[in-house]
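Hi,

Here is the structure I promised to pass on. Have a look at it first, and then read on for what I found.

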Amino acid sequence: MQPDGRLAAIICTHARPHYLAACLAGLRAQQGGACDILVVDSASAGPAAEEIARLAQAAGARLIRAERAGLSYARNLGLAASGAAWTGFLDDDAVPAPDWARRMTEAIAALPPDAAALGGRIIPEWESPLPGWWPPALRGVLTIVEWDGVGEEGRNLPPGVAVYGANMAFRTDALRLIGGFPEDLGRVGNRLLSGEEVEALDRLRARGLRVFYDGRIVVRHSIQRDRLKPGWLLSRLHWQGATDALRDRRRGGARRMVGAAAKLAVQAPLLLFPPRATSLLRARCGAAYNLGYLRGALQSD
């Protein structure tokens with residue numbers, strides 16, 4: 001499909017019409033900017049699938065039905081259907097600011113010719129307050145990026161500021177050229193693998209293309225109550241370890257496997273704590289990460 005010069009916004013969703021409704025309402029309320037809207041239903045079933053279809057029709061969005069679950073697979077379906085020069089991606093639980101499309105379009109117009117990706121600010125919308133036991137260093141796993149500046153990855157962004165899937169856009173032809181998002185990474189149901197966005201960005205940079213960030217492009221990202229529990233945080237770190245091991249294997253081997261195994265030999269007693277416990281949580285997250293890394297390193301293809 002040839003790009004027509006417009007911006008497309010893709011929302012991938014699985015059985016969460018209540019979040020999708022707010023995201024679509026935000027896109028319909030855009031002021032001074034326009035974009036094509038594509039909703040990819042990632043194998044929702046029953047009433048949820050029916051409600052997603054109804055919401056997409058009411059918003060004037062194209063609906064694409066994925067017959068198997070998987071975030072990367074759903075994103076790639078949306079990418080294949082995009083008719084725009086730039087394709088944006090929003091999480092279904094992210095609500096764009098009223099000027100999101102305008103800010104995104106303006107920022108894209110100001111990018112150099114070798115730019116291939118652009119990310120923006122992700123402000124938390126707390127369903128419950130962040131618990132006091134939450135390790136401050138791990139706040140970023142909730143996909144929060146609050147810096148309001150402008151910069152380029154690898155050059156002048158502060159630590160922790162990067163392009164994340166809740167609010168990002170790619171030059172459509174460049175993302176297609178690298179094959180989109182790797183489908184062996186990314187979330188499928190409760191499997192919290194990630195890394196597909198990082199892998200895509202790395203592939204773009206390997207081709208000499210550049211990645212930018214603009215904090216004026218804003219979404220508000222819902223932080224669900226279920227994520228503000230010790231068990232979820234431990235699971236998230238476990239799957240981050242598995243993700244990193246799989247990405248290392250792509251580069252010729254799980255380079256940190258020996259170190260992860262050595263650390264886990266010392267940390268093993270921490271794995272015996274009840275998941276709901278909050279004591280020694282930062283250390284337990286380290287143990288969960290190392291266990292996940294070994295899982296990813298030893299996983300058979």
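Which backbone nitrogen does the side chain of glutamine 30 reach? Before the answer, please keep in mind that this is a predicted model.

The answer is the backbone nitrogen of tryptophan 100, at 3.0 Å. To find glutamine 30 yourself, go to the loop between helix H1 (17-28) and strand E2 (36-42). Leaving out residues up to four places away in sequence, glutamine 30 touches Pro96, Ala97, Pro98, Asp99, Trp100 and Ala101. Glutamine 30 has a relative accessible area of 13%, so it counts as buried, the cut-off being under 20%.

Now for the protein chain as a whole. You will find nine helices and nine strands in it. The C-alpha atoms fill a box of roughly 55 × 45 × 35 Å along the principal axes. A compact globule of 301 residues would have a radius of gyration near 19 Å, and the protein chain agrees with that, at 19 Å.

Of the 301 residues, 53% count as buried. If you take the contacts between residues at least 6 apart in sequence, 80% of them join residues at least 24 apart.

As for the surface, the protein chain exposes about 13,500 Å², with carbon and sulfur atoms supplying 55% of that area. On the charge side, there are 38 positive and 30 negative side chains, and the centres of these two sets lie 4 Å apart.

Enjoy exploring it!

Best wishes

Definitions and conventions. Residues are numbered from 1 along each chain as its sequence is written. This is a predicted model: local features need pLDDT of at least 70, side-chain atom pairs count only at pLDDT 80 or more; totals for chains, interfaces and linings use all residues. Side-chain values use heavy atoms; hydrogens and water are left out. Helices (H or I, at least four residues) and strands (E, at least two) are DSSP runs, numbered from the N terminus. Buried means under 20% relative accessible area, exposed over 50%, partly exposed in between (1.4 Å probe, protein chains only). A polar contact is a pair of N or O atoms within 3.5 Å; within protein, one must be able to donate a hydrogen and the other to accept it, and residues adjacent in sequence count only if both atoms are side-chain atoms. Contact means heavy atoms within 4.5 Å. The radius of gyration is taken over C-alpha atoms; the globule rule is 2.2 Å times the number of residues to the power 0.38. Accessible areas come from the Shrake-Rupley method with a 1.4 Å probe; for residues, only the protein chains shown count as cover. Lys and Arg count as positive and Asp and Glu as negative; His and the chain ends are not counted. The place of a charge is taken as NZ of Lys, CZ of Arg, CG of Asp or CD of Glu.
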